[in-house]
Structures are given as structure tokens and as C-alpha cells.
Amino acid sequence: MATKIKNDLKEEYQGIKYILTSTMRTKLLLSIYNESKNLDDLRIELEKPSATILHGLKELENLNFVKKVQKYYQLTSNGYLLTTNMIKLIDNWYATNKNEDFWNSHDLTAIPQENLKNIYLLKNAECISSTTSNLSKAYNSYTKLIENVEELKITLPIFSENHLRQIVQLIQEKTLHKLELITHQDILPLIHRNPLFKKWLINNENVKIICIKNPLKTFLTLGDEFMSLTLFFKDGHYDDSQILIDKTHEGLKWGALLYNQTKEWRWNQ
């Protein structure tokens with residue numbers, strides 16, 4: 001069974017490689033992805049002679065990725081699935097390259113495979129880095145981000161007085177109305193020992209704290225209109241100098257998936 005799957009994957013890879021190694025084949029699939037087009041449409045859009053376009057279309061027809069209906073070319077079901085995954089691959093590549101330093105510098109082992117496969121959802125994310133002239137740039141960006149939020153969901157992997165004081169301040173000012181906090185079981189006693197945190201976080205009906213036994217390696221914050229992420233270096237030290245922020249629907253979707261999967265760890269321990 002494993003051999004069959006391996007062979008199927010190898011065959012699939014060869015098919016994708018065949019498409020991506022040709023600019024024309026790739027452009028043709030992307031061009032008719034959302035709508036059928038005739039030869040004149042393709043010639044104008046791609047700015048190529050008819051002979052070149054027809055040659056590419058014939059290759060795609062032979063692979064059962066494209067079919068001709070009357071005078072219009074459209075994707076077959078196989079072609080649509082291939083192009084969808086091709087677009088996802090391109091977006092994933094773009095998203096990782098856009099914030100290459102952030103992803104390459106940090107430990108990604110705590111991020112589930114499903115999230116890593118869907119990095120393309122973060123293609124509009126912005127990485128903010130502290131500098132030698134502004135060591136608090138990343139942290140200040142975070143505090144600015146949450147200052148007017150009514151509800152927050154946070155996975156807190158470290159005991160950070162600065163972050164917790166900022167959250168308590170928002171609760172005291174009645175800006176933050178609801179907080180759900182996932183943290184490691186070793187951090188909860190530290191919160192208990194601080195009278196301020198105990199009063200406003202532990203003994204607060206609007207705050208829900210969820211403890212897990214598994215080590216946390218993601219500092220994720222979710223609001224209604226944003227998600228932010230900070231991670232650990234590969235050597236195990238927490239990095240507060242870089243923060244990834246995304247305010248798009250796609251970014252929020254990615255963050256919500258990561259948060260819910262972290263939350264599920266509680267029940268699988």
C-alpha cells in the first residue's frame with residue numbers, strides 16, 4: 001500500500017513538474033481557471049501568436065486538463081483540481097518568501113502540518129522587527145494592536161509580566177470585555193502569585209484560562225480583525241523581536257485553525 005502511494009505521489013509530482021516547467025502551459029491554466037476563453041481572448045491576454053498558444057493547448061488537452069467546447073477552451077475537472085493546487089503552491093511560495101526571515105529563524109515544530117500547508121493564507125501578513133534603534137518596536141506594535149479590542153483569544157507560552165499587565169489594564173479600563181487564555185500548566189501558579197493578575201485574571205468571570213500539559217511554542221493572539229504570532233528561536237529561546245501580523249480574513253482563518261488545534265491538545269493529553 002505504501003509503495004502504491006509513493007508511486008502515485010511520484011507520478012503526481014511529474015505531472016506538476018511538467019506544467020510548472022512551461023510558462024505557457026502554466027499561463028494557459030491560470031488564464032482559463034475562472035472562465036472559458038477562445039483563441040482570440042488568449043492571444044490578446046498572453047500576447048503570443050496563435051501557433052504557440054494552440055501548441056500549449058494541445059499538450060494540455062492530451063493530458064486531460066483542458067477541453068474545447070465549441071470555440072471556447074475550459075478546464076476539465078482534473079485541470080481545475082491541478083490548477084487550484086498550483087495556485088495554492090504559488091501562494092505558499094510567495095507567503096514564505098515574503099517573510100522568509102521570520103519562518104527560517106524560528107522553531108516551527110509546534111505548528112501543525114495543516115497550518116504549515118496553508119501558509120498561503122498568510123500571504124498578506126506583515127512581519128515587524130525590532131531594530132537596534134527601536135528595541136521595543138515589535139512589542140509596541142502588539143500593544144497598539146490590542147488596545148481597542150473587546151474580545152481576545154491568546155495562547156501564552158511564557159510568563160510575561162509586560163503582556164499580562166497590558167491585558168489587565170485593558171480589562172480595568174473596560175475596553176477588553178472577554179478573554180480566553182490558553183497557557184501551560186506551569187505558568188498558572190505564577191499568575192496566581194501576583195495579586196494583580198490573580199484579581200483580574202483568575203477571579204474574573206469574563207476571563208477563561210485553559211491549562212495544557214504539552215509545551216507551548218506559539219504566542220498567538222486573535223482579535224475580531226487581526227491575528228498576531230510570535231515564536232521561539234530554534235535554540236529554545238523566546239523571540240520578542242519579531243511579530244507577524246495579519247488583518248485579512250484569510251489570516252484570521254489561519255490563526256483560528258491554529259488556536260483551535262492548540263485548544264484541542266487539552267483533551268488529547
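## Helices α3 and α4

Helix α3 and helix α4 cross in the right-handed sense, a crossing being right-handed if the near helix is turned clockwise from the far one by less than a right angle and left-handed if anticlockwise. The model is a predicted one, in which local features need pLDDT of at least 70 and side-chain atom pairs count only at pLDDT 80 or more, while totals for chains, interfaces and linings use all residues. Residues are numbered from 1 along each chain as its sequence is written, and side-chain values use heavy atoms, with hydrogens and water left out.

The axes of α3 and α4 (residues 50-62) lie 10 Å apart, at an angle of about 110 degrees; axes are lines fitted to C-alpha atoms, for helices over the stretch in contact, and angles run from 0 to 180 degrees between N-to-C directions. The two helices, α3 and α4, are therefore roughly perpendicular to each other, on a scale where angles under 35 degrees are roughly parallel, over 145 roughly antiparallel, 65 to 115 roughly perpendicular and the rest oblique. From α3, Leu39, Leu42 and Arg43 meet Ser50, Ile53, Leu54 and Leu57 of α4, where contact means heavy atoms within 4.5 Å. This contact of α3 with α4 comprises five nonpolar, one polar and one charged residues, with Ala, Val, Leu, Ile, Met, Phe, Trp, Tyr, Cys and Pro taken as nonpolar, Asp, Glu, Lys and Arg as charged, and the others, Gly among them, as polar.

## Helices α2 and α3

Helix α3 (residues 39-46) also packs against helix α2 (residues 23-31), the axes coming within 11 Å and crossing at roughly 120 degrees. That angle makes α2 oblique to α3, and the crossing of α2 and α3 is right-handed. Met24, Lys27, Leu28 and Ser31 of α2 meet Leu42, Glu45 and Leu46 of α3, and by class this contact of α2 with α3 holds four nonpolar, one polar and two charged residues.

## The three-stranded sheet

Three strands make up an open antiparallel sheet in the order β1-β3-β2; helices (H or I, at least four residues) and strands (E, at least two) are DSSP runs numbered from the N terminus, and two strands pair if DSSP finds at least two bridges between them.

Strand β2 pairs with β3 (residues 72-75) in the antiparallel sense over four bridges. Within this pairing, Lys67 stands opposite Gln74, and Val69 has Tyr72 as its bridge partner. Two residues lie between the strands of the β2 and β3 hairpin, in which Gln70 takes a positive phi near 55 degrees.

## The seven-stranded sheet

A further open sheet, with mixed pairing, has seven strands in the order β4-β10-β9-β8-β5-β6-β7. Its edge strands are β4 (126-129) and β7 (207-212), each of which pairs on one side only, and neighbouring strands are turned by 15 degrees against each other on average, direction ignored. Six bridges join β5 (residues 151-156) and β6 (residues 178-184) in the parallel sense, and Leu156 stands opposite Thr183 of β6.

Helix α12 (residues 249-264) lies across β5, β6, β7, β8 (218-222), β9 (227-231) and β10 (242-246), and runs at about 120 degrees to β8.

## Helices α9 and α11

Helix α9 (residues 161-172) packs against helix α11 (residues 195-202) at an angle of about 50 degrees, their axes being 10 Å apart. This angle makes α9 oblique to α11, and α9 passes α11 in a left-handed crossing. On the α9 side, Glu161, Leu164, Arg165, Ile167, Val168, Ile171 and Gln172 meet Leu196, Phe197, Trp200 and Leu201 of α11; the residues of this contact of α9 with α11 divide into eight nonpolar, one polar and two charged.

## Domain arrangement

The chain is divided into domain 1 (1-97) and domain 2 (105-263), with bounds that come from an automatic or database domain assignment. Taken over C-alpha atoms, the centres of domain 1 and domain 2 are separated by 40 Å, and six residues of domain 1 are in contact with six residues of domain 2.
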